[in-house]
Amino acid sequence: MTVEALVIVAVACLALIMSALIAAPSLAACLVRRRAASLPEWLAERLREEWLAELEHMPGRVGQLVFAVRLALTRRQSLIDATGSSDAIEGQAGAVVLSVDELRIRPDIREQNTAGLIDFALLMVPAVVAAATPMTLATLVLASFVWNALWVLFFQVCFVRLCDGTPGQLCAGLRVITLDGSPLGWRHILRRARACVVPVVVLAPVAVGGAQWLHNVGPLGRSALWMIIMAQALHQHVTRDRNEQPFDHTASGTTVVMKIPRVVSVTDRRPTGSTSPMR
Amino acid sequence: MPAGPRVSYQGLRVLRVFLVSFSDNVRAELAGAEVMKAAGISSGTLYPILLRFERGGLLESRWEDTPPEELGRPRRRFYRLTSQGVQFAHDALRDLAPPLMSPRTSEA
């Protein structure tokens with residue numbers, strides 16, 4: 001590994017740590033809420049308020065983050081067992097049983113991954129083209145910016161508005177609905193797609209400024225750009241809430257369900273980590 | 001060994017914190033952050049212990065009196081030893097925890 005590569009890795013790690021520290025209060029609150037949300041409702045309400053209150057009494061950002069991370073790493077079942085709740089006998093590792101109606105419309109992880117892979121493949125088309133076409137870095141960034149912008153506009157916004165799903169979701173037999181049953185509106189869709197806009201915003205100055213701008217920002221700036229894009233991709237494609245939905249989707253009041261409910265029998269129940277699906 | 005809930009080493013540390021607080025003031029109440037700091041244990045370890053002790057009748061808890069709207073933040077929850085808890089903590093610490101009484105850990 002060259003010295004330059006080591007410097008880039010070090011800068012990337014530093015940027016990651018700095019980002020975590022800057023976002024520590026909101027990140028800690030998010031972790032605490034998520035931990036509480038995984039518990040039975042009666043216990044979740046109490047512990048959410050209690051933990052959020054204690055979070056404010058933790059000294060410093062690192063203290064808040066440590067408090068939240070340690071709670072996030074605590075086994076759900078150990079908290080339930082500690083209360084002596086009957087919930088504790090529902091199954092191992094916090095498993096609960098979904099209702100048949102929920103089973104009929106809730107996509108499993110394989111269907112969601114299929115949809116994600118198709119959408120990701122569409123996003124990666126320029127990378128494949130770039131690999132086969134000699135072009136400068138500035139042209140590549142410009143092409144990525146344009147394609148990202150089009151991808152967000154058409155696939156994440158227009159497609160969802162017109163067809164109730166991204167191309168990948170439609171191919172996988174999924175559709176987007178609102179949690180409250182209201183028609184899917186622009187407000188829902190734009191809130192849902194806001195995380196996808198991050199790479200577009202990040203790439204915009206590069207696309208406008210061209211190679212010179214990219215050169216001027218130096219290795220630190222370039223590392224930061226990639227860190228932001230990768231962090232967004234991680235947030236969008238890896239992190240999931242308790243209903244196995246991206247956080248932005250749940251926050252926008254939407255969720256993904258099966259277009260055609262599957263046929264299940266009463267005995268075809270499966271355990272999941274969720275206590276109250278589709279919430 | 002006193003009858004009551006199972007007590008781990010960390011549980012004894014928590015009991016000791018409450019007992020020290022109780023000996024200073026019989027009406028003393030502690031919130032989670034204070035117990036964490038005094039007992040030197042993590043949040044992930046503390047809350048299952050607090051919930052277990054509360055279920056076992058060793059601790060009782062209540063919400064902060066002031067409503068969250070006035071506080072501008074969520075309410076804290078305060079814990080205190082019950083009379084049963086005081087007795088249990090005395091017995092447990094006397095019978096089971098000589099290492100906790102060593103000078104090094106007493107200073108923590």
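Tutor: Helices here are DSSP runs of H or I with at least four residues, strands are E runs of at least two, and both are numbered from the N terminus. Bear in mind that this is a predicted model, where local features need pLDDT of at least 70 and side-chain atom pairs count only at pLDDT 80 or more, while totals for chains, interfaces and linings use all residues. Residues are numbered from 1 along each chain as its sequence is written, chains are lettered from A and ligands numbered from 1 in the order in which they are written, and side-chain values use heavy atoms, with hydrogens and water left out.

Let's start at A:Asp164, in the loop between α9 (137-163) and α10 (167-171) of chain A. A:Asp164 isn't a glycine, yet its phi is positive, about 65 degrees. For background, most residues other than glycine have a negative phi. With 23% relative accessibility, A:Asp164 counts as partly exposed; the scale calls under 20% relative accessible area buried, over 50% exposed and anything in between partly exposed, using a 1.4 Å probe and protein chains only.

Now step back into α9 of chain A, where A:Gln156 lies. A:Gln156 is buried, at 11% relative accessible area. Setting aside neighbours within four places in sequence, A:Gln156 is in contact with A:Trp151, A:Thr166, A:Ile189, A:Ala193 and A:Cys196, where contact means heavy atoms within 4.5 Å.

Elsewhere in chain A, look at how α2 (residues 24-37) and α4 (residues 60-73) pack: an angle of about 20 degrees, axes 8 Å apart. The axes are lines fitted to C-alpha atoms, for helices over the stretch in contact, and the angles run from 0 to 180 degrees between N-to-C directions. So α2(A) and α4(A) are roughly parallel to each other; that label covers angles under 35 degrees, with over 145 roughly antiparallel, 65 to 115 roughly perpendicular and the rest oblique. The crossing of α2(A) past α4(A) is left-handed, which is to say that the near helix is turned anticlockwise from the far one by less than a right angle, clockwise being right-handed. Among the α2(A) residues that meet α4(A) are A:Leu27, A:Leu31 and A:Arg35, and the α4(A) side includes A:Gln64, A:Phe67 and A:Leu71. That contact has twelve nonpolar, one polar and two charged residues; Ala, Val, Leu, Ile, Met, Phe, Trp, Tyr, Cys and Pro count as nonpolar, Asp, Glu, Lys and Arg as charged, and the others, Gly among them, as polar.

Chain B joins in at α5 (residues 76-83) of chain A, which packs with α3 (residues 43-55) of chain B at about 15 degrees, axes 7 Å apart. That makes α5(A) roughly parallel to α3(B), and the crossing is left-handed. From α5(A), A:Ser78, A:Leu79, A:Asp81, A:Ala82 and A:Thr83 meet B:Tyr47, B:Pro48, B:Leu51, B:Arg52 and B:Arg55 in α3(B). By class, that contact holds five nonpolar, two polar and three charged residues.

B:Ser42, in the loop between α2 (32-39) and α3 of chain B, is buried at 12% relative accessible area. Apart from neighbours within four places in sequence, B:Ser42 is in contact with A:Arg70 and B:Met36.

Chain B has six helices and three strands, and 51% of its 108 residues are buried.
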